[in-house]
Amino acid sequence: DELINPKSALSGGELVKKETKHWYLPLDQYEKWLSEWILEGHKEWRSNVYGQCNVSGWKDIIAIAAGGTHTVGLKADGTVLASPYYAEGYMGECDVEGWTDIVAVNANGSHTVGLRRDGTVVAVGNNVWDRCAVDNWTDIVAIGSGREHLLGIRSDGTLVAKGTNDCGQCDVYDLNRRLTEG
């Protein structure tokens, strides 16, 4: 009722107000049942059962990233926070304690990536296909990640990649050739 003549950003059409229901359960009485219902009975849900939305105490956050079941926050002082710290299926994607001089963060699936001010990169989490083995990456100005791979852009515009290459997502050689040759 607070909105006056709201319109859809996509179609420009008028919005239709619909009734909704909200259910509240005392967690101390229903936590076990609710956890089983969501984790086993409704695996398609991606809710806060792992604690990835427990960020209310975070302060001085300047950037965020969301992984499969975790959230990462970059603080103004260059340190990084992650939630939850431990959960079922945990693969180390929240082991960011001690990261410093970080200027950008990225997360996806079960890994977290940080770009340091000096152009180096740190990564934690599921290291299958060596996707977190970025210790030798230097001169990086931007980072990105997919479900099973990491990407970096160097200051000269060339790309580096780590992870699975089952769909060619890490084939950056040809892209680099085209970028540098014009």
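From the N terminus on, the elements of this chain run α-β-β-β-β-β-β-β-β-β-α. That makes two helices and nine strands. The model is predicted, and its average pLDDT is 81. Of the 182 residues in the chain, 33% are buried.

**Confidence**

- A pLDDT of at least 70 is reached by 76% of the residues.

- Three strands form an open sheet in the order S1-S2-S3, and their pairing is antiparallel.
- Strand S1 (61-66) and strand S3 (80-83) are the edge strands, and each of them pairs on one side only.
- On average, neighbouring strands of this sheet are turned by 20° against each other, direction ignored.
- Four bridges join strand S2 (residues 71-75) to S3 in the antiparallel sense.
- Which residue of S3 is the bridge partner of Gly-73? The partner is Leu-81.

**The S5-S6 hairpin**

- S5 and S6 form a hairpin, with four residues between the two strands.
- Gly-119 sits in the turn and has a positive phi of about 90°.
- The two strands, S5 and S6, pair in the antiparallel sense over five bridges.
- Leu-115 has Val-121, in S6, as its bridge partner.
- Is S6 enclosed or open to the outside? Five of the five residues of S6 are buried, so this strand is largely enclosed by the rest of the structure.
- Both faces of S6 are covered. Val-121, Ala-123 and Gly-125 are buried on one side. Val-122 and Val-124 are buried on the other.

**The S7-S8 hairpin**

- Strand S7 and strand S8 also make a hairpin, with three residues between them.
- S7 and S8 (residues 149-154) pair over five bridges in the antiparallel sense.
- For Gly-144, the bridge partner in S8 is Leu-151.

**The salt bridge**

- How many salt bridges are counted? The count comes to one.
- Its partners are Glu-148 and Arg-147, and their closest N and O atoms are 3.5 Å apart.
- Side chains of opposite charge can pair when their charged atoms come close.
- Arg-147 has a relative accessible area of 61%, so this residue is exposed.

**A nonpolar patch on the surface**

- Tyr-30, Trp-33 and Trp-37 form a nonpolar patch on the surface.
- Together these residues have about 310 Å² of accessible area.
- Tyr-30 belongs to helix H1, residues 27-41.
- Why does Tyr-30 count as partly exposed? Its relative accessibility is 34%, and the partly exposed class runs between the buried limit, under 20%, and the exposed limit, over 50%.

**Aspartates in the loops**

- Asp-60 lies in the loop between H1 and S1. Its phi is near 60°, a positive value in a residue other than glycine.
- Asp-60 counts as exposed because its relative accessibility is 56%.
- Asp-139 is in the loop between strand S6 (121-125) and strand S7 (140-145). Phi of Asp-139 is near 60° too, again positive in a residue other than glycine.
- Asp-139 has a relative accessible area of 40%, so this residue is partly exposed.
- Where is Asp-101? Asp-101 lies in the loop between S3 and strand S4 (102-108).
- The relative accessible area of Asp-101 is 42%, so Asp-101 is partly exposed.
- Asp-101 and Asp-77 are 24 residues apart in sequence. In space, they are 7.5 Å apart, C-alpha to C-alpha.

Terms used: Residues numbered from 1 in each chain as written. Predicted model: local features only at pLDDT ≥ 70, side-chain atom pairs only at ≥ 80, totals over all residues. Heavy atoms only, no water. Pairing = 2+ DSSP bridges. Axes fitted to C-alpha atoms, helices over the stretch in contact; angles between N-to-C directions. pLDDT = per-residue confidence, 0-100. Patch = residues over 30% accessible without salt bridge, like charges linked within 9 Å, V, L, I, M, F, W, Y side chains within 5 Å. Areas by Shrake-Rupley, 256 points an atom, 1.4 Å probe, with all protein chains shown as cover. Salt bridge = Lys/Arg side-chain N within 4 Å of Asp/Glu carboxyl O. Buried < 20%, exposed > 50% of the residue type's maximum accessible area, 1.4 Å probe, protein only.
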